[in-house]
Amino acid sequence: MKKIINKKSILAVVIVLVLAIGIFFGWTQMTYKAAEDPAISMDSNYVKEDDWLIYGDKSSTTGIILYPGAKVEPEAYAYLAQELAKDNMIVAIPKLTLNLAIFDYKKADEMITKYKDVDWLIGGHSMGGAAAAMYVDKNMDKVKGLIFLGSYAADNESLFKSSLPVLSISGSEDGLSTPEKIKEKKNLLPSTTEYFQIKGGNHAQFGVYGEQPGDNKANISVKEQQDIIVKTIEDWVEANKFGNK
């Protein structure tokens, strides 16, 4: 009798686990797709290379690897990428395992290994920024800088002790990576980290994919926020002279 009960218990646990895995997988596939905005003009000046969208001239000496936020499709960051590419940068956005950067934080190795002559910066939006920080924490010698877009670092072993250039761009109306959370996590980043808060900006407008549950309403347009992000990154890249071989 005990053996029968044990077998039933094991079967019940297996069924629950299978259902939980199925539900989780289904949730990861409910992605935020790129949205159209009449104020934003897009071009087709990019290439698809395996799991990557690549913008800009591949002979550029400065590159940015941009990890998407949780369940956000790479195309939602196409405008940022195309505008940064106009400033002589190569910008690479990956399709991530289960659409969650924390499960694929080593993805940057593919670009860094392939394009060895590029000064690579890595960054990301939301969970993508946290995953980028995870990568940097274990690969400090492979990148020249780190960029957070509506994001912050989780606990790390070495980043806060480093002299790595770090840029944190946040939104005053961000309901997910709130100004309070950005401030709370400052001790995990180098003391030289540069912080820039977009007045009126929210969480979802770090990409172009519409509204997101839990976020606050932005007080500026998507294009305004996107253009501020581009200008802030461009100024930071120029100030740090990345790509000057």
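Modeller: Let me start with a word we will need: a residue is buried when under 20% of its relative accessible area is left, exposed when over 50%, and partly exposed in between (1.4 Å probe, protein chains only). By that rule, 50% of the 245 residues in the chain are buried. Please keep in mind that this is a predicted model, where local features need pLDDT of at least 70 and side-chain atom pairs count only at pLDDT 80 or more, while totals for chains, interfaces and linings use all residues. Residues are numbered from 1 along each chain as its sequence is written, and side-chain values use heavy atoms, with hydrogens and water left out.

Searching the whole structure turns up two cavities of 30 Å³ or more. A cavity is a set of points on a 1 Å grid, over the protein atoms alone, where a 1.4 Å probe fits but cannot get out; lining residues have an atom within 4 Å of a point. Points are joined across faces, edges and corners, and the volume is the space filled by probe spheres set on them.

The largest cavity holds about 60 Å³. Around it stand I64, L66, L80, L84, V91, G123, G124, I147, L149 and I233. Two or more of these lining residues come from each of β3 (62–67), α2 (78–85), β5 (119–125) and β6 (145–149). Eight of the lining residues are nonpolar, two are polar and none is charged (Ala, Val, Leu, Ile, Met, Phe, Trp, Tyr, Cys and Pro count as nonpolar, Asp, Glu, Lys and Arg as charged, the others, Gly among them, as polar).

Eight of its eight residues are buried, so α2 is largely enclosed by the rest of the structure. L80 and L84 are among those buried residues, and both also line the largest cavity. The buried residues of α2 pack against β2 (52–55), β3, β4 (90–94), β6 and α6 (222–240), with contact meaning heavy atoms within 4.5 Å.

The second largest cavity holds about 40 Å³. Its lining includes F148, Y152, K185, K186 and Y195.

Conventions
1 Å grid on protein atoms, 1.4 Å probe; cavity = no way out; pocket = protein on both sides within 12 Å on 5 of 7 lines; lining within 4 Å. Helix = DSSP H or I, 4+ residues; strand = E, 2+ residues; numbered from the N terminus.
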